[in-house]
Amino acid sequence: MTTLVLLRHAKAISRSEWQGEDEDRPLSVLGQDQASRMAAQFVQLELKKIYTSDAVRCFDTVKGVSEALDLDLKVTKHVSEYVYNKKPSRAVEFAKEIMYADLLED
């Protein structure tokens, strides 16, 4: 059995408050706190891999989890908001690809 966890980023600074590129929009203070508490929740799941969007807020959300579990983050555009908006089925295709790859590794 393979477990797939889908997680949206922690609370980010609002789009209206951010002047830069959206992919550079960081976590808010609340989001930083949420991200720092996340590792304890995911340790129990015995994750093998963590994929993240290249957006700063997404990367920063799971960075602490990856460090706590001693896992490298796999940064990919396949799980980004932009790819989803262009072709929503691509996110599902990517999830199937990584789940299938995990089954082959076991």
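**Entry 1: Ser 66**

I started with Ser 66, which sits in helix 2. The model is a predicted one, and I kept that in mind throughout. Next I looked up what Ser 66 touches, setting aside residues up to four places away in sequence. I noted Ile 50, Leu 71 and Leu 73.

**Entry 2: the core**

I then looked for the largest nonpolar core and found eight residues in it. They are Met 38, Ala 39, Phe 42, Ile 50, Val 62, Val 65, Leu 71 and Leu 73. Helix 1 and helix 2 are the elements that give two or more residues to this core. Helix 1 gives the most, with three residues. I wrote one general remark beside this: nonpolar side chains in soluble globular proteins tend to be buried together.

**Entry 3: Phe 42**

Which residues is Phe 42 in contact with, leaving aside neighbours within four places in sequence? I listed Val 5, Leu 7, Leu 47, Val 65 and Leu 69. Of these, I followed up Leu 7 below.

Leu 7 is placed in the segment before helix 1. Together with Val 5 and Leu 45, Leu 7 forms a nonpolar patch on the surface. The accessible area of the three together is about 230 Å².

**Entry 4: positive phi values**

For Glu 46, phi is near 50 degrees. I located Glu 46 in the loop that runs between helix 1 (29–42) and strand 1 (50–52). Glu 46 has 66% relative accessibility and therefore counts as exposed.

For Asp 70, phi is near 55 degrees. I located Asp 70 in the loop between helix 2 (56–68) and strand 2 (73–75). At 71% relative accessibility, Asp 70 also counts as exposed, since exposed means over 50%.

**Entry 5: confidence**

The mean pLDDT is 89, and 94% of the residues reach 70 or more. Where is confidence lowest, and where is it highest? It is lowest in helix 4 (residues 88–105), where the mean is 81. Helix 2 has the highest, at 95. Ser 66, where I began, belongs to helix 2.

Conventions:
Residues are numbered from 1 along each chain as its sequence is written. This is a predicted model: local features need pLDDT of at least 70, side-chain atom pairs count only at pLDDT 80 or more; totals for chains, interfaces and linings use all residues. Side-chain values use heavy atoms; hydrogens and water are left out. Helices (H or I, at least four residues) and strands (E, at least two) are DSSP runs, numbered from the N terminus. Buried means under 20% relative accessible area, exposed over 50%, partly exposed in between (1.4 Å probe, protein chains only). A nonpolar core is a set of buried Ala, Val, Leu, Ile, Met, Phe, Trp, Tyr and Cys residues joined through side-chain atoms within 4.5 Å. Contact means heavy atoms within 4.5 Å. pLDDT is the predictor's confidence in each residue, from 0 to 100. Patches are made of residues with over 30% relative accessible area and no salt bridge: like charges are joined within 9 Å, nonpolar side chains (Val, Leu, Ile, Met, Phe, Trp, Tyr) within 5 Å. Accessible areas come from the Shrake-Rupley method with a 1.4 Å probe; for residues, only the protein chains shown count as cover. A salt bridge is a side-chain nitrogen of Lys or Arg within 4 Å of a carboxyl oxygen of Asp or Glu.
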